[in-house]
Amino acid sequence: MPKGRIRIRLKSYDHRLIDETCQKLADTAIRTGASIIGPIPLPTKKEVYVVNKSPFTDKDAREHFGLKIHKRLLDIINPTNQTIDSLMHLELPAGVEVEVKM
């Protein structure tokens with residue numbers, strides 16, 4: 001039986017998708033007998049891209065485009081072998097980057 005903690009970091013552009021994924025992971029961990037801490041929302045990273053509308057005459061006219069990257073942290077405490085097995089076979093939606101540390 002593994003001891004310790006599994007730390008899962010999730011990144012996504014869509015906050016609804018990342019919340020749904022966190023809920024699936026938490027339900028799976030609780031159902032198999034492990035306890036969880038989280039999901040803990042981490043700071044959202046906002047990237048802004050500035051593009052000129054015209055290269056010559058309207059140099060001051062610019063458009064701003066933005067991207068937000070939402071992040072969540074989920075800790076699974078005292079996982080069992082069944083917990084690890086069920087997390088490995090869990091179907092997660094596309095568009096969510098999952099990083100696992102043991």
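**Charges and salt bridges**

Modeller: The mean positions of the 17 positive and 13 negative charges of the protein lie 6 Å apart. Lys and Arg count as positive, Asp and Glu as negative, while His and the chain ends are left out; each charge is placed at NZ of Lys, CZ of Arg, CG of Asp or CD of Glu. This is a predicted model, in which local features need pLDDT of at least 70 and side-chain atom pairs pLDDT 80 or more, whereas totals for chains, interfaces and linings use all residues. Residues are numbered from 1 along each chain as its sequence is written, and side-chain values use heavy atoms, without hydrogens and water.

Biologist: How many salt bridges does the structure hold?

Modeller: Side chains of opposite charge can pair when their charged atoms come close. A salt bridge here is a side-chain nitrogen of Lys or Arg within 4 Å of a carboxyl oxygen of Asp or Glu. The structure holds five. One of them joins arginine 7 and aspartate 75, at 2.9 Å from N to O.

Biologist: Which parts does that pair tie together?

Modeller: Arginine 7 is in strand 1 (residues 5–12) and aspartate 75 in strand 3 (residues 62–77), so the pair ties parts 68 residues apart in sequence. Strands are DSSP runs of E, at least two residues, numbered from the N terminus.

Biologist: Is aspartate 75 buried or exposed?

Modeller: Buried means under 20% relative accessible area, exposed over 50%, partly exposed in between (1.4 Å probe, protein chains only). Aspartate 75 is buried at 4%; arginine 7 is partly exposed at 33%.

Notes:
Helices (H or I, at least four residues) and strands (E, at least two) are DSSP runs, numbered from the N terminus.
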